[in-house]
Amino acid sequence: MISRRTFLERSAAAYAATTLPLNRLAFAAAGTGTGDPLHWVDPRIGTGGHGHCFPGAALPFGMVQLSPDTFNNDWDWCSGYHVSDSSIMGFSHTHLSGTGCGDLLDFLVMAGTGTAKLVPGDRSNPDAGYRSRFDHADERMEPGYYSVVLKDYKVKAELTATERAGLHRYTFPKSDQAYLIVDLFHGYGPGAGSCDSAEVKMVGGDTLAGGHQTSAWGKNRHAYFAMKFSKRPDKVVFYSDDQEVATPTASELKGKNLKCVLYFTTKANEQILVKTGISGVDADGAAKNLEAEAAGWEFDKTRARAKEIWQKQISKIAVTTTNETHKRIFYTALYHLSLGPSLFDDVDGRYRGMDNEIHTLPQGQHNFSTFSLWDTFRAAHPTFTLIERERVPLFMNTLIRMAEQSPEGMPVWPLMSTETGTMTGYHSAAVISEACSKGFPGIDYEKAYQLMMKRAMVDDWRGLGYYRKLHYIPADKEGESVSKTFEYCYDDWSIAHVARKLGKNDDAQMLVERSKNYRNYYDKSVGFMRPKLENGDWTTPFKPIDLGHSKKWRDYTESNAWQATFGIQHDAAGLIELYGGSDAFVTKLDGLFTAPSDLPEDAPPDIAGLVGQYAHGNEPSHHISYLYVYAGAPHKTQARVRSLLETMYADKPDGMQGNEDVGQMSAWYIMSALGFYPVDPVSGNYVLSSPLFEDAVVELGGGKKLEIVVERKDPAHQYIQSFTLNGKPQQRVWFHHSEITDGGKLVITMGPEPNASLGTKPEEVPPALKLA
């Protein structure tokens with residue numbers, strides 16, 4: 001298993017976080033006025049610190065992410081870009097949004113003048129290569145468009161995109177030696193060392209076609225392209241291992257380090273356009289994608305179309321507030337959420353499967369990639385069940401096909417036909433089960449169930465054999481044993497919902513009982529979830545801030561005993577019982593937020609955004625502030641969530657406490673700011689928080705809407721005084737998905753002090769460990 005910790009150890013030390021101020025002019029013109037939601041989207045948020053976001057052009061859930069690369073190695077450059085840099089290598093067509101591991105950066109194009117250098121050069125000495133200096137003041141970022149001035153060459157670069165194609169427009173100075181370099185060796189990793197092989201040929205004098213196979217994060221990953229130029233070059237020079245070779249026309253040039261330089265004579269302000277179709281199948285598929293989506297040379301029309309698509313996407317949630325900072329963070333979060341999963345099929349329905357074979361989709365289906373499931377099952381996929389109801393079945397059917405085709409079985413962290421295996425659990429089961437629990441049609445749940453049960457009951461995979469036999473995973477036999485057990489508990493709980501829906505009640509009951517395995521780690525003598533050895537003894541030494549009991553491996557995944565102890569999402573009642581009741585549990589939970597923020601020297605930077613030992617920068621903590629509601633203390637959830645909303649997010653490049661993680665960090669903000677959160681996603685229950693906005697409207701699809709009305713005299717009022725659901729006053733501070741799926745209305749009245757009688761009785765807390 002590749003964890004983000006392992007990935008970090010393979011990279012150089014992460015670059016120091018930056019808090020450069022935003023250049024408002026660089027993005028504010030995306031909308032024509034404050035009524036346009038794109039006015040509030042700032043793609044620069046998350047491009048600094050450890051956010052790992054890219055600033056370039058893409059469409060919602062699109063296959064292409066055309067964006068600048070400033071560096072292609074080290075942890076804080078997982079997206080290829082960091083706002084701390086002052087030079088650009090070029091513009092590649094695929095990027096990851098906020099991940100903790102790096103990959104992609106396919107098919108880099110760079111413009112310049114003079115004699116082209118064949119290496120990018122170092123950031124400390126851009127003149128040694130083809131990279132160029134730039135100023136952030138010259139960048140313009142908006143959904144579907146990016147531009148910058150390459151200062152060393154006096155070239156303006158502009159980017160926009162369709163779903164499967166990227167369009168470049170370069171405005172050159174007068175030059176008899178203007179050029180475009182296409183670098184197939186470029187990719188993520190030291191010295192672009194992730195490229196295993198490549199091929200390229202010239203077609204018709206104005207088109208390059210080819211591809212490469214890479215092994216960075218995803219091993220043996222295939223990517224292909226067809227790239228057209230609006231002007232025929234004066235000269236084309238091909239290179240293999242940086243040595244000039246003959247121009248390949250009739251047959252492909254093959255090698256590992258392949259590049260091509262196209263030279264032009266340009267007038268002052270002459271524009272040369274480049275358009276690139278990409279494919280995971282072959283270069284012919286890339287050419288078909290390009291012809292279908294960008295047949296002409298209409299850059300401005302494509303940009304305008306991208307803007308229209310993003311306006312529709314961002315308008316799926318409308319919020320009202322006078323706080324512009326909140327609005328900017330919220331709509332940017334919705335933008336980031338909409339970047340993944342990413343499309344991974346061709347216009348003819350072909351796609352490369354997890355078995356590395358070429359398949360054809362059934363009519364009406366699409367294939368997707370980039371499922372950061374350990375992160376996104378928590379809030380991103382629950383958000384999709386509200387605003388992406390047409391896409392949810394497409395996502396789920398993709399995951400089911402992956403489980404059928406992949407030698408690894410149930411998807412864990414699939415990336416473009418490869419299984420990275422990153423992180424713990426197999427939470428494709430969780431998101432498929434959530435869709436089943438919420439009644440989404442068009443998904444083969446029987447097939448999914450058989451695949452999930454094979455993993456749950458048969459596969460000897462990452463400690464599951466011990467989990468089934470001993471009801472826990474021994475710390476002396478398997479790394480990250482505590483966290484793996486907890487993840488398997490949640491997957492068991494999830495699969496139980498599908499079993500119940502399919503009438504397999506004995507299986508359902510067995511899985512529910514097994515989902516209580518987490519209890520075997522509770523050591524009353526220390527008050528924490530503690531690793532256990534195969535002989536049943538507790539591990540020693542034990543310190544709750546440590547990540548493990550030995551240097552061999554860690555016992556917790558990107559967390560310690562403080563965070564893992566509260567990592568139970570499906571059985572809060574059982575966790576509370578272990579502590580002897582609600583009062584003792586609340587005291588312990590308070591202690592999480594007030595403990596010293598000390599961490600051991602080997603703690604990964606993922607454990608960030610610390611409040612005591614609570615770590616908002618990493619996903620295992622995301623539900624924890626909501627657990628107070630299950631203990632009858634909802635006012636503590638309301639105060640804590642409001643504090644996290646205000647302190648863990650900012651409208652600046654270093655505006656995220658941790659990686660964006662393909663939408664999860666943003667989804668927490670979206671849901672919490674609206675006023676509710678899915679602690680246990682598969683249950684369908686949402687727990688109320690402390691809404692930021694005066695009101696909000698969520699488009700549920702099919703003309704249905706969820707309206708949220710917040711009544712308060714002062715924006716600082718953070719405590720819920722009363723809650724009305726669909727016109728009926730409630731004593732609880734939670735609701736179920738079924739109560740709003742056909743549209744609904746929440747009215748939440750806020751005040752300056754807690755309402756001690758709302759949601760505090762045992763019968764008023766959300767249910768736990770109960771199948772619908």
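Both Y472 and Y521 are buried. Buried means under 20% relative accessible area, exposed means over 50%, and partly exposed is in between, using a 1.4 Å probe and protein chains only.

Before I go on, a word on the model. This is a predicted model, where local features need pLDDT of at least 70, side-chain atom pairs count only at pLDDT 80 or more, and totals for chains, interfaces and linings use all residues. Residues are numbered from 1 along each chain as its sequence is written, and side-chain values use heavy atoms, with hydrogens and water left out.

Now, the rings. How many aromatic pairs does a search of the whole structure find? It finds 38. Rings of Phe, Tyr and Trp (its six-membered ring) pair if their centres lie within 6.5 Å; planes under 30 degrees apart are stacked, over 60 edge-to-face, and the rest tilted.

Back to Y472 and Y521. Their ring centres are 6.1 Å apart and their planes stand at 85 degrees, so this pair is edge-to-face. Y472 lies in the loop between α10 (464–470) and α11, while Y521 lies in the loop between α12 (505–514) and β27 (522–523), so the pair ties together parts 49 residues apart in sequence. Helices (H or I, at least four residues) and strands (E, at least two) are DSSP runs, numbered from the N terminus.

Next, Y649 and W668. Here the centres are 6.0 Å apart and the planes at 5 degrees, so the pair is stacked. Y649 sits in the loop between α17 (634–647) and α18 (664–674), and W668 in helix α18, so parts 19 residues apart in sequence are tied together. Y649 is buried, at 7% relative accessible area. W668 is buried too, at 0%.

Ring pairs also build a cluster: F61, F368, F371, F384 and F395.

Some rings have a charge over them. That needs NZ of Lys or CZ of Arg within 6 Å of the ring centre and within 35 degrees of the ring normal. The charged end of K235 sits over the ring of Y263, 4.8 Å from its centre. The charged end of R378 sits over the ring of W374, at 5.0 Å from the centre.

On to the core. Which residues have the most contacts inside the largest nonpolar core? They are F91, L208 and F676, in a core of 214 residues. A nonpolar core is a set of buried Ala, Val, Leu, Ile, Met, Phe, Trp, Tyr and Cys residues joined through side-chain atoms within 4.5 Å. Helix α11 (residues 481–501) gives the most to this core, with 10 residues. Apart from this core lies another, of seven residues, among them Y145, A165, L167 and L273.

Last, salt bridges. The structure holds 38 of them. Each is a side-chain nitrogen of Lys or Arg within 4 Å of a carboxyl oxygen of Asp or Glu. Take K288 and D348, with closest N and O atoms 3.5 Å apart. K288 lies in helix α2 (residues 283–293) and D348 in the loop between β21 (342–343) and β22 (350–352), so the bridge ties together parts 60 residues apart in sequence. K288 is partly exposed at 44%, and D348 is partly exposed at 31%.

Is E388 buried or exposed? Buried, at 3% relative accessibility. Its salt-bridge partner is R391, at 2.8 Å, N to O. R391 is partly exposed, at 21%.

E513 and K516 form a salt bridge as well, with 3.1 Å between the closest N and O atoms. Finally, salt bridges that share partners join E163, R164, E293 and D345 into one network.
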